[in-house]
Amino acid sequence: MTDTLTKPTEESGREDGSATGAFVAPGQPGSLVSLKPRYENFIGGTWVAPVKGEYMKDISPVTGKAFCEVARSTKEDVELALDAAHRARQAWAETSLTDRAAVLNKIADVIEANLQMLAVAESWENGKPVRETLAADIPLAVDHFRYFAGATRSLEGRSTEIDKDTVAYHFHEPLGVVGQIIPFNFPLLMAAWKIAPALAAGNCTVVKPASPTPWSILKLAELLEDVVPAGVLNVITGPGAEIGKALATSPRIAKIGFTGETTTGRLIMQYAAENLIPSTVELGGKSPNIFFADVMNADDEFLDKAIEGLVLYAFNKGEVCTCPSRALVAESIYDKFMERCLERIKKITQGNPLDPSTMIGPQVSTQQLEKITSYVDIGLQEGAECLIGGKRVQLDGEFADGYYFAPTVLKGHNKMRVFQEEIFGPVLAVTTFKDEAEALEIANDTLYGLGAGVWTRDGNLAYRMGRAIQAGRVWTNCYHLYPAGAAFGGYKISGVGRENHQMMLEHYSQTKNLLVSYSTKPLGFF
Amino acid sequence: MNGFRAPERVVASSAAAEAIEELVAERGPVMFFQSGGCCDGSLPLCFEQGEFVIGSHDVLLGTVAGCPFYIDHRQYEVWKHTQIILGVGDGEPEGFSLAAGRDQHFVITSRVFSDGELEALGLSS
């Protein structure tokens, strides 16, 4: 990134000094993102070196090269973080809602003021295109903190008059100290989804980011040193088998929140059971995206939206638990509709995710890349037809070792493994249906039930399908919108609990019932 | 009956078998559970024996280097026409699995069973 013709400017953070060019990579001269060679854990509002002094490399998938080191924490560090959280617990629980909400709003303000910086950091570490982090990940994280600042103040306890002299009061009380494990696909936004309700409900938290993406949340923590009271938010990095387990099994947490894959979800629930504490797990999906024939009744803006709706499988390079990775297209429009969609897919530009014109960046890690490759292989073995893509993409220069995979479409049938398993890459499995009944049958023929999409100009049909699909969210004539205030969570094996909604405060609260008698009369039993 | 012997549902590459033997020598017996979707999903998760509680409906697919390899029964239904081949890849595990040696992780590839093999497994349609 040093051979650009124009000198980068501090203000724009762009390689060509313009307002539209590619952003300069973190740590390079002119970048919006400062970079230290090494990051410690964020514990008790300060930076604490890991007890055993070990660090691990953080690799950017953009270049395949390490760009910094983060703490390789051990269970001793988990204890330090829990110590800090427990020290802060009582004061934070007793902080007024006014002041708690003010802290959340301030977090939102700080993120917003550093939107471009965080967007570039997130893009560099995860590989997601900066056009997405600028327009979705970071603004949604901002809004999430504001939403929960408001939600917690508007959440009222209830009182019930049991009889004339007896009243049941219900108060929300914080759980205490919680553990939260964040996935790699939306490192900052998923952290916001977890941290905001936990803090809003008066809890302190110990957060473990995903192993491939530990750094962007540490960049956020740098901004929050003086914003969040010490110990209320703690971030420790390291391997899941070591510190994820130490955190989830700790008798010192009151709840564990997890987003990730199904077997680990089971393991987390098993660990929670050991301590008899609640868990919220948001797990995998294999979301159907259903296109009824009437989407092609006119060649208009809506059809354009529906085509984009299919191509959204490539959003965040398919590393989304709600990726619309099974397209079900009405047989009568299949040829024409897919022709239009494939034209659109051909126009997807792939490359440096820090370039705002890039639509798809690299997969997050080599492990994801090898998994995607093995799925395409099994799909072809099962007789699927590859309509486009299907292989790793080799870019030039500094991106030559990045983890790029071509947007891929496989045509087949719903019993194939590529239709049944989450690939977590830009791979769409497409099939056809004859009528509404068959569309519904295929849509529900899956282990998962996280998301779904329905596209039709017929409101009654959309409603029937939306209610009959067994999934926690059915996007209707839209997809991949994640506004705060719309509950998100899974049916079937896609998870337990909901996020992204005021009801999340219930997941992070105890209910205290005061049962009060205002009568002076004895019961008369003794 | 056709001429096929029922094939193994899960097999280990020599690198995987070696990694398992080293793990066992170092930490004692281990077990595998094939994970489902999302994030680091669809990977074989390796635990110390007994770490992951096996449920009443989990399916024992077979053993690899003497260690049991399980899968969720619902997932088994959609995977049963394929053989799982356990291997080893570069890089530390991204999730809760034990590593397959320093800077290595367990991976799987899959192979679709032939018609004859499916018949021998009692799975022909």
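Me: What's the strand order in the three-strand sheet of chain A?
Reply: This is a predicted model. In it, the open sheet runs β1-β5-β4 in chain A, with mixed pairing.

Me: Which strands stand at the edges there?
Reply: β1 (38–39) and β4 (55–60) of chain A. Each has a single partner strand, so one side of each is left without a neighbour in the sheet.

Me: How many bridges join β4(A) to β5(A), and are they parallel or antiparallel?
Reply: Six bridges, antiparallel. β5 of chain A covers residues 65–71.

Me: And what stands opposite Met56(A)?
Reply: Val70(A), in β5(A).

Me: Next sheet. What order do the seven strands of chain A take?
Reply: β15-β18-β19-β14-β13-β21-β22. That sheet is open too, and its pairing is mixed.

Me: Which are the edge strands?
Reply: β15 (385–388) and β22 (473–476) of chain A. Each of them pairs on one side only.

Me: By how many degrees are neighbouring strands turned against each other?
Reply: By 25 degrees on average, with direction ignored.

Me: Zoom in on β18(A) and β19(A). Parallel or antiparallel?
Reply: Parallel, over four bridges. β18 spans residues 408–411 and β19 spans 427–433, both in chain A. Val409(A) stands opposite Leu428(A) of β19(A).

Me: Switching to helix α13(A). Which residues are buried?
Reply: Ala439(A), Ile442(A) and Ala443(A). The helix itself covers residues 436–444 of chain A.

Me: Why do those sit on the same side of α13(A)?
Reply: Because they cover an arc of only 100 degrees around the axis.

Me: What do the buried residues of α13(A) pack against?
Reply: Four strands of chain A: β13 (288–291), β14 (326–330), β19 and β21 (451–455).

Me: Last topic. How many residues does each chain give to the contact?
Reply: Chain B gives 34 and chain A gives 40.

Me: On the chain B side, which elements give two or more residues?
Reply: α2 (73–79), β6 (82–90) and β7 (104–112) of chain B. β7(B) has the largest share, with six residues.

Me: How do the residues on that side of chain B divide into nonpolar, polar and charged?
Reply: There are 14 nonpolar, 14 polar and six charged.

Key: Residues numbered from 1 in each chain as written. Chains lettered and ligands numbered in written order. Predicted model: local features only at pLDDT ≥ 70, side-chain atom pairs only at ≥ 80, totals over all residues. Contact = placed C-beta atoms within 7 Å. Nonpolar A, V, L, I, M, F, W, Y, C, P; charged D, E, K, R; others polar. Pairing = 2+ DSSP bridges. Axes fitted to C-alpha atoms, helices over the stretch in contact; angles between N-to-C directions. Buried ≥ 20, exposed ≤ 12 C-beta atoms within 10 Å, placed from the backbone. Arc of directions from axis to C-beta.
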